[in-house]
Amino acid sequence: MRKIPVYTHPAAGWPALVASTRKLMDYKAFLRGSISTLHSNQPNGGFDCPGCAWPDHKTHKVIDVCENGIKVIASETMNQRADAAFFARHSVTELQSWSGYELEHSGRLSEPLYYDAAQDRYIAISWQAAYERIADVLKNLDSPDEALFYTSGRVTNEPAFMFQLFVRCFGTNNLPDCSNMCHEPTSVMLGKQLGVGKATVVLEDFEQAKLIMLFGQNPATNHPRMLEMLAHAHKQGCRIISINPMREQGLSKFRNPQKPTHMAAGQSDEMVDEVIQIQIGGDVALLTGLAKWLVENDKIDSEFISTHTSGFDDLKQWLIAQSWTDIELGSGITQADIINLAKLVADSPATICTWGMGITQHVQGEDNVAMITNLLLLMGMIGIDGAGASPVRGHSNVQGDRTMGIHERPKQSLLDSLERVFKRPMPQEDGLDVIAGAKALMQGKLKAFISMGGNYAVAAPDKSAIQTALTTTQLNVFVATKLNETMLYPGANNLILPCIGRTERVITAKGEQFATIEDSMCQIVPTQGRLKPISDDLKSEAQIVADMATHVLGSDSSIPWQTMGSDFDIIRNYIARAIDGFENFNERIRESERGFHLYHPARHRVWNTDSGKAQFEVPQYPITYVAAQMAQTSADYHSNGRSENSKDSDFADSNLENGNVEKNTEQKVWQLTSVRSHDQFNTMIFGFKDRYRQTNRRDVLFMHPDEIKRLGWQKGDSVMVSRQDSKDERRTLGPLILTEMDIAANAVATYYPECNDLIDLDSHAPDSRTPAYKSVTVVLQRVNEGMLAATA
């Protein structure tokens with residue numbers, strides 16, 4: 001085994017403070033950003049950090065924000081503006097060539113804009129004229145279903161509720177949001193198995209847990225405030241196991257910036273006891289091995305199973321039928337190691353399973369969530385202190401948006417409730433999700449696209465095709481704080497409507513307003529910015545929705561949109577009447593500085609499922625699914641020295657004939673996963689330094705050094721990545737620079753969203769339809785000429 005260069009310092013600590021300060025300086029946001037940092041995640045008038053959905057602890061600190069959060073705050077509080085003067089200097093065609101990093105740093109959107117095709121530029125427009133353009137197009141569509149209304153998880157509860165109400169009053173359920181691309185398998189399977197598609201734990205459960213299993217997570221980069229809770233749990237004697245194809249160095253040790261002894265004396269806390277490096281997509285096989293051993297050795301909670309569950313006999317029969325040979329093949333882990341982990345599970349009186357998108361973003365993502373839930377049910381680990389299911393969301397309010405009704409497949413109970421409260425019919429047909437919406441755009445079936453935040457084209461698969469499709473619409477509208485790539489492919493009417501950010505004050509004729517969000521653990525908390533908005537031309541998201549609804553629905557609507565836009569208490573009163581769990585919303589949100597926890601039936605062992613009990617689920621895909629996909633790709637590839645079905649003549653034929661790419665002489669079939677760097681938040685690229693992975697660039701392909709040696713390659717080689725998509729067409733990415741990483745055998749990784757054009761719209765989980773960003777089979781070919789410098 002070759003030694004792998006690793007980041008040897010603890011997570012956080014001085015490097016995090018230095019990086020945070022530099023980022024505030026880079027964005028020219030040191031004053032505004034520093035002020036906002038002091039109010040982030042604070043009670044009594046503070047704002048909820050948009051950097052992740054990790055809950056606030058009951059004991060608040062003077063500074064309660066992580067490095068990731070400070071970077072998001074720096075991005076929003078920058079003084080530079082992307083206004084009409086900026087666009088006068090830069091045409092849209094020029095901006096299309098800018099990187100995501102350059103667009104992110106262009107400045108805050110500060111006035112409403114529309115695209116002028118003659119000038120190829122965005123120019124200023126009045127709010128009134130912008131709304132008239134929106135109304136003119138929407139009111140003249142042949143059907144409301146010709147419009148798609150997308151939502152980002154940063155939108156707070158109050159405007160989210162208004163937005164879904166406006167869209168449904170307009171007449172469609174075309175309400176996709178970023179949940180479709182991240183945790184939808186969680187929502188689908190937990191809803192099916194437990195009755196509610198959300199976490200069954202609260203933050204305090206982590207203080208009582210005896211075993212925490214982390215599946216497909218990298219908290220040090222994506223939700224660093226979780227590290228403090230993990231370190232605390234470990235110090236209390238909790239065993240913590242990370243199950244991940246990549247050994248993420250940010251999980252080794254944690255130096256808490258809040259502890260003077262840590263910072264002054266160089267101390268740190270241990271976190272993870274063991275890393276189990278499964279192969280990409282091997283979670284179901286590993287969990288099958290655990291469950292098989294527990295069932296066959298009678299180490300399960302039989303009383304809980306008989307009293308509270310349904311479907312156990314079917315699962316048991318399926319588990320017994322699975323062979324250890326297939327389990328080892330599917331997981332990449334030996335039977336002995338799986339049994340050792342199973343014994344830890346059997347001995348734990350309180351187990352939490354927590355997971356991120358490394359579990360959900362697979363074709364078999366629903367099976368992954370189902371088997372995690374099956375394991376918890378086998379051990380009776382739902383509805384007791386210190387135990388349960390803990391999916392960790394990325395956006396700070398992606399879960400809240402769903403609760404508020406942002407859903408393309410709404411429950412009938414929600415539609416009935418909205419009809420009862422607002423005395424008007426609601427559309428009954430399911431709408432389009434992200435995948436179906438993108439396809440409808442490409443097919444010319446959609447005439448209007450309206451986005452409340454987000455970077456739809458870049459976050460979704462098939463980026464280039466979506467961008468091209470956007471140029472064919474009659475209307476595109478973007479409610480946003482920053483410029484991004486999706487805005488640069490205008491249709492007949494393209495409008496940018498700048499909104500007030502999370503860090504900024506919302507003051508209306510009714511006074512200063514606050515909003516609310518829902519964190520990953522069902523806690524509803526208030527959020528209130530303190531800064532003066534960067535421009536007097538900004539409007540709150542709630543006011544923008546109110547204005548659009550007023551212009552589009554006109555006299556047909558008896559709903560007091562403008563009253564709601566100026567008084568968020570009125571919105572909350574409607575939410576209290578329409579959404580279960582929000583009774584007396586205004587009173588409860590003011591009673592406690594931490595807000596209130598939504599009732600979760602499964603925490604009380606109440607199962608709102610079809611059977612009235614918690615439901616065991618048998619996986620849909622074979623546990624050797626990934627291995628079979630790799631074997632099939634290898635067979636296709638070797639049948640003719642490359643895939644016999646390749647339709648990419650530029651890559652497959654020209655490069656091979658010209659000698660630029662090595663001919664295939666041995667197996668080069670891999671499972672590829674996408675990752676986020678330590679210097680980004682979703683599609684927002686803050687910089688190029690991935691501190692824990694020790695690289696300063698984004699055009700890299702991570703591979704284990706032993707695998708590099710086996711191939712006869714070297715660190716720094718240029719490599720092309722390709723795959724056959726679901727339509728049997730060749731997709732390519734590269735060249736990428738080969739970079740060493742402690743990652744499982746047969747696995748490679750590269751950065752999201754740059755790799756998204758490798759993923760097609762038909763590579764997704766069957767029910768949740770979440771794209772397989774974390775697991776696709778690829779072929780690698782080294783480029784002989786023009787090798788780039790080795791990664792630092």
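This is a predicted model: local features need pLDDT of at least 70, side-chain atom pairs count only at pLDDT 80 or more; totals for chains, interfaces and linings use all residues.

Trainee: How do the axes of helix H16 and helix H17 cross?

Mentor: An angle of 65 to 115 degrees counts as roughly perpendicular. The axes of H16 (residues 324-331) and H17 (residues 335-347) come within 10 Å and cross at roughly 90°, and the two helices are therefore roughly perpendicular to each other. By class, their contact has four nonpolar, two polar and one charged residues, with Trp324, Ile327, Glu328 and Ser331 of H16 meeting Gln335, Ile338 and Ile339 of H17.

Trainee: Which residues of H13 and H15 meet?

Mentor: On H13 they are Thr288, Ala291, Lys292, Val295 and Glu296, and on H15 they are Phe312, Lys316, Trp318, Leu319 and Ile320. This contact has six nonpolar, one polar and three charged residues.

Trainee: How many aromatic pairs does a search of the whole structure find?

Mentor: The search finds 24 aromatic pairs. Planes over 60 degrees apart count as edge-to-face; the rings of Phe87 and Tyr122, with centres 5.3 Å apart and planes at 65°, are therefore an edge-to-face pair. Because Phe87 lies in helix H4 and Tyr122 in strand S5, the pair ties together parts that are 35 residues apart in sequence.

Trainee: Where does the charged end of Arg676 sit?

Mentor: The charged end of Arg676 sits over the ring of Tyr752, 4.2 Å from its centre, while Arg133 lies over the face of Tyr114, at 4.3 Å from the ring centre.

Note on methods: Residues are numbered from 1 along each chain as its sequence is written. Side-chain values use heavy atoms; hydrogens and water are left out. Axes are lines fitted to C-alpha atoms, for helices over the stretch in contact, and angles run from 0 to 180 degrees between N-to-C directions. Helices (H or I, at least four residues) and strands (E, at least two) are DSSP runs, numbered from the N terminus. Angles under 35 degrees count as roughly parallel, over 145 as roughly antiparallel, 65 to 115 as roughly perpendicular and the rest as oblique. Contact means heavy atoms within 4.5 Å. Ala, Val, Leu, Ile, Met, Phe, Trp, Tyr, Cys and Pro count as nonpolar, Asp, Glu, Lys and Arg as charged, and the others, Gly among them, as polar. Rings of Phe, Tyr and Trp (its six-membered ring) pair if their centres lie within 6.5 Å; planes under 30 degrees apart count as stacked, over 60 as edge-to-face and the rest as tilted. A charge sits over a ring if NZ of Lys or CZ of Arg is within 6 Å of the ring centre and within 35 degrees of the ring normal.
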